[in-house]
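Subject: Structure handover

Hello,

Here is the structure we talked about. Please open it first, then read the notes below.

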Amino acid sequence: MMTDWIIGAVCALIVSGAAYARKSLSLSGMLAALVMGTVYYGAGNLFWFGILLLFFVSSSVFSHLRGERKQELEKSYAKSGRRDAAQVLANGGLGMLACLGNFYWPWPGWAYFFVGTMAAVTADTWATEWGGLSKTPPRSIRNGRVIPPGTSGGVTWLGSMAALAGAVCIGGAAWLLLLWTGGIAERSIGVILLALVKWVIIGGLSGMFGAFADSWLGATLQRMHRCAVCGKEVEVASHCGQATVPSRGLSWMSNDMVNLLSSLGAGLLAWGIGMI
């Protein structure tokens, strides 16, 4: 219905505009979020839009959990707390395609895939934001060795627990929104509780898979640079006021591509679990 597209556009404009005003989004990021939010509600419903909103709002709030330690770490990241269009699409683009797929060819598998991708990007974002506040140094996902904070592929217990919380939160939200929108037709207690367990497992497993896949790709294939001044391995082209030099990784494997591939893998895992 045209009304749904109008409602989606208005809601997306309010949310993306507020995020732009709070500097959580750049101008290009705001425009991408506006298009995405409109599609999520217009082609979907509150189930699709609500999960997107949960990811976006929670991630934006956590990105403002500052501290001197976290602010220093962000100098090494290719992407800061202010998301641009590429980052917005890397996080929510696959979900938008699933939403459109369900709009034109209704099928339960689209919802499973969607929840998996959103659980992954939520888990990864929460892990990054909270992990940056960890008082213990990260360890490499490849060999378990202690590595400098901010190094791509590093994991901490605080970040891992935050990732699990984010993934489970998306799974629980999927269950709640399906109840709200009538996606769970049978209203017996047993069926409702079984559905809750199912969606929490789907969100939890796929989200954690996506978060760790993101770390693994970051530690192995992501394009990285080395600072000529401090010697630190970073994602950015400039550090300590000087241009950095390429150190490892594939030239096309940017941070956004890592996010996209890890969420794709998580979506496929969620689809597999859900269909079984």
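A residue counts as buried when its relative accessible area is under 20%, and as exposed when that value is over 50%. Please keep in mind that this is a predicted model.

Start with helix α1, residues 2-21. Its 20 residues reach 28 Å from the first C-alpha to the last, close to the 28 Å expected at 1.5 Å a residue. Gly8, Ala12, Ser16 and Ala19 are the buried residues of α1. They cover an arc of only 50 degrees around the axis, so they lie on the same side of α1. These buried residues pack against α2 (27-44) and α3. On the other side of α1, Met2, Ile14 and Ala21 are exposed. Just after the helix comes Lys23, with a positive phi of about 65 degrees.

Next, α3, which spans residues 46-63 and holds Phe55. Phe55 counts as buried because its relative accessibility is 5%, and the cut-off is under 20%. Leaving aside residues up to four places away in sequence, Phe55 touches Asn91, Met118, Val121, Thr122 and Thr125. Phe55 and Ser262 are 207 residues apart along the chain, and their C-alpha atoms are separated by 16 Å.

Ser262 is one of the buried residues of α9. Others in that group include Asn255, Asp256, Val258, Ala266 and Gly274. What covers them includes α5 (85-104), α6 (108-131) and α8 (189-220). As for length, the 21 residues of α9 should span 30 Å at 1.5 Å a residue, and the end C-alpha atoms are 30 Å apart, which agrees.

How many residues of α6 are buried? The count is 20 of 24, so α6 is largely enclosed by the rest of the structure.

Last, the surface. Leu221, Leu250, Trp252, Leu261, Leu264 and Leu268 make a nonpolar patch of about 500 Å². Leu250 sits in the loop between β7 (245-248) and α9 (255-275). With a relative accessible area of 33%, Leu250 is partly exposed.

Best regards

How values were computed. Residues are numbered from 1 along each chain as its sequence is written. This is a predicted model: local features need pLDDT of at least 70, side-chain atom pairs count only at pLDDT 80 or more; totals for chains, interfaces and linings use all residues. Side-chain values use heavy atoms; hydrogens and water are left out. Patches are made of residues with over 30% relative accessible area and no salt bridge: like charges are joined within 9 Å, nonpolar side chains (Val, Leu, Ile, Met, Phe, Trp, Tyr) within 5 Å. Accessible areas come from the Shrake-Rupley method with a 1.4 Å probe; for residues, only the protein chains shown count as cover. A salt bridge is a side-chain nitrogen of Lys or Arg within 4 Å of a carboxyl oxygen of Asp or Glu. Helices (H or I, at least four residues) and strands (E, at least two) are DSSP runs, numbered from the N terminus. Buried means under 20% relative accessible area, exposed over 50%, partly exposed in between (1.4 Å probe, protein chains only). The expected span of a helix is 1.5 Å times one less than its number of residues. Contact means heavy atoms within 4.5 Å. The arc is that of the directions from the helix axis to the C-beta atoms.
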